[in-house]
Amino acid sequence: MRVLLIGANGYIGRFVADRLLADPAVQLTALGRGDDADVRFDLATGSPGALTRFLDAVHPGVVVNCAGTTRGGARELTRHNTVAVATVCEALRRSGCGARLVQIGCGSEYGPSQPGSSTAEDAVPRPGGPYGVSKLAATELVLGSGLDAVVLRVFSPVGPGTPAGSPLGRLAEAMRRAMQSGDSELKLGGLGAQRDFVDVRDVARAVHAASLSAAQGVINIGSGRAVRLRDAAGILARVAGYGGALNELDTPPVPHPPHVPHLAHTPHPTTPIRTTIGHPRPDPDHHTTTPVAFPYPDGCGSWQQADVRTARDRLGWRPRINLEESLADIWMEAACRI
């Protein structure tokens, strides 16, 4: 099976590439903007005609699109998340390769949901921000393209390679700095949101399974369990061996793990580290950052949990890696930064 992977140098794309390369039946070609791609091509600016000519030359059986961006204004998000997908769909329609398309969507397309509920694929999408809107528009383009296509709506991917600017990446970096400086207290903001975390390696397994299947439409990829960021912080402290207190700003403190002797007896005299776990919002009067109500930057409010029965039934997929292992890998990378 010849697979064309778009966005192989991205967070999810790197693990998808590793998973596909491990399959001896797959011949992988990577297309992207980086120098390490087999073929350099920018979906946001390249023409469908140019991509069509490449598809006709390579003749893949499957095209996996992991390209996109989570940052930037509405114009940039639209260009990289929506226009780019329109280019892929149009090129596939023009090409004679007849390739199947596996598109990486996201849970942000659904927007906020009722606390305690599980979001299934038939839920009406109501994205709460420009990122979710741009990804939902891409999904609609894929579903309306007439192609043999499936969209995997990935909820909150975690694990090795988690971007340092993401909520859990920020948390790990704050904890690393606290341990490095000997602070016995870490003050955190924005830990109330609950998210469905799924390991990025499990996401790669789902992409592999979708490439081999005949499933079409939308399929949720998540753990099926919402976890409060406050609880994720406690797990991270335990795997990191941080013995200080984790105090949430303006809320009761989070119970901290048992004391680690070499940290507990050396309280640091400086002000405890204070951080907000989402994208900070600037205060124009003081030029500092202040916590926001829902700083998790996906527009999904306080709760999100996936219904993953469709992935089980149609892909034979279940998540295998638990959150503690994912957080341990995040911490390992953060601890190695100097």
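Guide: Here is a short chat about a pocket and a pair of helices. This is a predicted model, where local features need pLDDT of at least 70, side-chain atom pairs count only at pLDDT 80 or more, and totals for chains, interfaces and linings use all residues. Residues are numbered from 1 along each chain as its sequence is written, and side-chain values use heavy atoms, with hydrogens and water left out.

Visitor: What makes Y11 part of the lining of the largest pocket?

Guide: Lining residues have an atom within 4 Å of a point of the pocket, an open set on a 1 Å grid over the protein atoms alone where a 1.4 Å probe fits, with protein on both sides within 12 Å along at least five of seven lines. There are 48 of them, and Y11, G68, T69, T70 and Y131 lie nearest the centre.

Visitor: Which helix gives the largest share of that lining?

Guide: That's α3, with four residues. Helices here are DSSP runs (H or I, at least four residues), numbered from the N terminus.

Visitor: Why are α2 and α3 called oblique?

Guide: Their axes, lines fitted to C-alpha atoms over the stretch in contact, with angles from 0 to 180 degrees between N-to-C directions, come within 8 Å and cross at roughly 50°. Under 35 degrees is roughly parallel, over 145 roughly antiparallel, 65 to 115 roughly perpendicular and the rest oblique. So α2 and α3 are oblique to each other.

Visitor: Which residues of α2 make the contact?

Guide: P48, G49, L51, T52 and L55, where contact means heavy atoms within 4.5 Å.

Definitions and conventions:
Helix = DSSP H or I, 4+ residues; strand = E, 2+ residues; numbered from the N terminus.
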